[in-house]
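Q: I would like to learn how to read strands, sheets and helix packing in a model. Could you walk me through one, feature by feature?

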Amino acid sequence: MKWKRKDLLGLQDLSAEEIALVLDTAASMKEILSRPIKKVPALRGRVVANVFYEPSTRTRVSFELAAKYLSAESVSITASASSVVKGESLKDTALTLAAMGADVVVLRHPLAGAPHLVARTVRCAVINAGDGFHEHPTQALLDLFTVREKKGTLAGLTVAIIGDILHSRVARSNIWGFTKMGARVRLCGPATMMPPGIEVTGARVCATVEEALEGADVVMALRIQKERQQEGLFPSLREYTGLFGLTRERLALARPDALVMHPGPMNRGVEISAAVADGPRAVITEQVTNGVAVRMALLYLLAGGGAVDG
């Protein structure tokens, strides 16, 4: 199968075959990361513009490294250091970057749908690096890649996602991704942080953390996203941790070989205990490594790269 899309805007619209193509391509890219010299000429001459209207460390840096490892030119722009502060619109920023020769625009924006607007505006490829409460497709793809690498398959697995589902674009993309690949997804969090009607995605909402964790193959903890939520959605951090925190005692309900994941950044001692985050089942640092490989794969597929052998 060949990649035929101009953009990557979300996993809701991707087929299982398209997701598998990205994961298979990422496996080849990860081999490059193990080399002493982590560079191939696959995207030599291409230009990647990383445009971030929100703070980011993992996603922004991994896209920058992904471009460099593929020999593409990379520029990074933050809203606070661009013409946005002078009143320039997102559309005009995108048109300016395209006019300067950008082949791929990687966009993170606080408003849902912003990458879709840019994709309709410019002819170059657009990658959604997170838009509002909507989706974070590259994070979900690296999560899928990590689980498939560890478990050998995604079909038939039970995935428990615990925490602030309402404000989590990571949760939405993971629900679409895991269900399309044949996994069962369970959700648990405060009722005030559970989107109404989320069951239409195929995920099952559980009343308690214990119910969600029972026999799970993968456990993903999500942080409370204070920057995106209103006040008063839960009484206190202490109560939240007591009811929904991922501890060693609760993790014991999952399968003995269950993977522990977190998209980062972590609030240790709130949604996940330090003992679990640093424990033998955690694959959190591997998620970060795999994020570079997955983003290399996406840049390669969308920018029309050549051979990756180097």
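Predicted model: local features only at pLDDT ≥ 70, side-chain atom pairs only at ≥ 80, totals over all residues.

Q: How many bridges join β1 to β3, and in which sense do the two strands run?
A: The general idea comes before the case. Strands of a sheet pair through backbone hydrogen bonds, either parallel or antiparallel. Here β1 and β3 run parallel, joined by 5 bridges. On another side of the story, β1 also pairs with strand β2 (residues 73-78), again in the parallel sense, over 6 bridges. Within that pairing, Val48 has Ser74 of β2 as its bridge partner.

Q: What is the order of strands in the open sheet of 4 strands?
A: The order is β2-β1-β3-β4, and the pairing is parallel. β2 and β4 are the edge strands, each with a single partner, so one side of each has no neighbour in the sheet. Neighbouring strands here are turned by 15° against each other on average, ignoring direction. The link between β3 and strand β4 (residues 125-131) is parallel and has 5 bridges, and Val105 stands opposite Val126 of β4.

Q: Which residues lie on the two sides of β3?
A: Here is the idea to hold on to. In a regular strand the side chains alternate between the two faces of the sheet. In β3, one side carries Val104, Val106 and Arg108, the other Val105, Leu107 and His109, and all of them are buried. As for strand β1 (residues 47-52), 5 of its 6 residues are buried, so the rest of the structure largely encloses it.

Q: Which helices lie across these strands?
A: Helix α2 (residues 58-69) lies across β1, β2, β3 and β4, and runs at about 175° to β1. Helix α11 lies across β1, β3 and β4, at about 145° to β4.

Q: At what angle do α5 and α11 pack, and how far apart are their axes?
A: Two packed helices are described by the angle between their axes and the distance between the axes. For helix α5 (residues 137-151) and helix α11 (residues 284-303), the angle is about 115° and the axes are 8 Å apart. The two helices are therefore roughly perpendicular to each other, and α5 passes α11 in a right-handed crossing. Residues that meet there include Leu141, Leu142 and Phe145 of α5 and Val294, Arg295 and Leu298 of α11. Sorted by class, this contact has 5 nonpolar, 6 polar and 5 charged residues.

Q: What are the angle and axis distance for α3 and α4?
A: Helix α3 (residues 90-99) and helix α4 (residues 114-121) pack at about 45°, with axes 10 Å apart. That angle makes α3 oblique to α4. The crossing of α3 past α4 is right-handed. On the α3 side, Leu90, Lys91, Ala94 and Leu95 make the contact, and on the α4 side Ala114, Leu117, Val118 and Thr121 do. The class count is 6 nonpolar, 1 polar and 1 charged residues.

Q: What is the strand order in the sheet of 5 strands, and which strands are at its edges?
A: This open sheet has the order β7-β6-β5-β8-β9, with parallel pairing. Its edge strands are β7 (204-205) and β9 (259-261), each pairing on one side only. Further in, strand β5 (residues 158-162) pairs with strand β8 (residues 218-221) in the parallel sense over 4 bridges, and Ile162 stands opposite Ala221 in β8.

Notes:
Residues numbered from 1 in each chain as written. Heavy atoms only, no water. Axes fitted to C-alpha atoms, helices over the stretch in contact; angles between N-to-C directions. Parallel < 35°, antiparallel > 145°, perpendicular 65-115°, else oblique. Left-handed = near helix turned anticlockwise from the far one by under 90°. Contact = heavy atoms within 4.5 Å. Nonpolar A, V, L, I, M, F, W, Y, C, P; charged D, E, K, R; others polar. Pairing = 2+ DSSP bridges. Buried < 20%, exposed > 50% of the residue type's maximum accessible area, 1.4 Å probe, protein only.
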